[in-house]
Amino acid sequence: MAGGNERSMKALKEVWKRAENSLCADCGKPDPDWASSTLGVFICLNCSGIHRNIPSISKVKSLKMDHWDDAQVQFLAKHGNAVTKAIYEAHIPIYYYQPTYNDCQVLREQWIRAKYERKEFTEPGKQLPHSDGVKEGILWKRGRDNGQFLPRKFLLSEREGCLKYFTKQDAKEPKINVKIDVINATFQPEKIGNPNGLQITYLKDNKTRNIFVYHESGKEVVDWFNAIRSVQFHYLKVAFPIASDNEIKNRLTRNFLKEGYMEKTGPKQREAFKKRWFTLDHRRLMYFKDPLDAFAKGEVFVGSGENGYSVQKGLPSGTQGNFSWHYGITIVTPDREYLFTCETESDQLEWIRAFTSVINQAMTPQEYASKCLDAVSFPS
């Protein structure tokens, strides 16, 4: 018996060491140490917890702690991540967001359920709930002034190229009507305080507006997210006919580069520093009094190094404004310097990395055109 166990463990390790199995099959996290004995995939600990919630589809076991018999090892050897992904990910639409291990629980869970439970990507041309160019339904929306979540009707239309929401079910006129090309959607469960929380951001009069929504169903809110991406993709295909699918895919909904609290001072740099919530959305740095504010209090354009933008660790000597946090950052633009402080050194370094990644990128013609946003700078 002992010899059989040794043989099985040796065979298991050989399969485990294959290059195709070095990343989690579902989220891409390196060095997965769990596997599904019924699907034949190698997965990480977090994804194994999701698999465990669909026991009719997937039986998961630890590669380090559990016993694997010869038949189970042979099944893993026959399948593995490459073979199984070729089956369950054969026909993923180009617009569909495939989450990574950095993404929130609802995105990863619905991705796993879509693949293995609903088998959404196994057949070519399969009609998906986010692919027909129109979506209508109820989302719970946070009120701009009172902060209360109330049910609101939303309508997404590819034909009209817009997203609308109505304050009443039978309302004829929408409260908002937003063109699809100025919309961004990103999951914000912690900020919104709901595991299915979605932040929808759009431009209105050249300013950023935030809407915070959720749905009780994780599947429904992820379907809304991918429906927005689907409509955006087809809109941009028409608007930019010579662009490749991958170029367009990279212009769909995006996560913010960095969010969090910093302190800021005003343009005279003598005012007291005030704690504010900051969001870096590529070249837009916005600040809010509260993370759930509908409108930014101010924003600044962050250009490229070749155009005179830079980020520096620390504050200029002689900075007069009073501040309680001591890890400073200075953003240098052609017009002025912006001064911030962070609570910890790790926050400071993370913000500097985020700013550096933006400043190191060359500006596109569209970004040159939008540089007028630099005039919308931080008030005191």
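Me: Which element gives the most to the lining of the second largest pocket?

Reply: Keep in mind that this is a predicted model. Strand E8 (183-187), helix H6 (189-192) and strand E11 (258-264) each supply at least two residues of that pocket's lining. The top contributor, with 3 residues, is H6.

Me: And how do the lining residues of the second largest pocket divide into nonpolar, polar and charged?

Reply: The pocket has a volume of about 510 Å³. It's lined by 16 residues, and the closest to its centre are Asn102, Phe187, Gln188, Pro189 and Glu259. The whole lining splits into 7 nonpolar, 4 polar and 5 charged.

Me: Which strands stand at the edges of the open sheet of 7 strands?

Reply: Follow the order, which is E7-E6-E5-E4-E10-E9-E8, with antiparallel pairing. An edge strand has a single partner, so one side of it has no neighbour in the sheet. That picks out E7 (176-179) and E8.

Me: Is Pro334 buried, exposed or partly exposed?

Reply: Pro334 is in the loop between strand E16 (327-332) and strand E17 (337-342). Beyond its neighbours within four places in sequence, Pro334 is in contact with Asn307, Gly308 and Tyr309. Its relative accessibility is 47%, so Pro334 counts as partly exposed.

Conventions. Residues are numbered from 1 along each chain as its sequence is written. This is a predicted model: local features need pLDDT of at least 70, side-chain atom pairs count only at pLDDT 80 or more; totals for chains, interfaces and linings use all residues. Side-chain values use heavy atoms; hydrogens and water are left out. On a 1 Å grid over the protein atoms alone, a cavity is a set of points where a 1.4 Å probe fits but cannot get out, and a pocket is an open set with protein on both sides within 12 Å along at least five of seven lines; lining residues have an atom within 4 Å of a point. Grid points are joined across faces, edges and corners, and a volume is the space filled by probe spheres set on the points. Helices (H or I, at least four residues) and strands (E, at least two) are DSSP runs, numbered from the N terminus. Ala, Val, Leu, Ile, Met, Phe, Trp, Tyr, Cys and Pro count as nonpolar, Asp, Glu, Lys and Arg as charged, and the others, Gly among them, as polar. Buried means under 20% relative accessible area, exposed over 50%, partly exposed in between (1.4 Å probe, protein chains only). Contact means heavy atoms within 4.5 Å. Two strands pair if DSSP finds at least two bridges between them.
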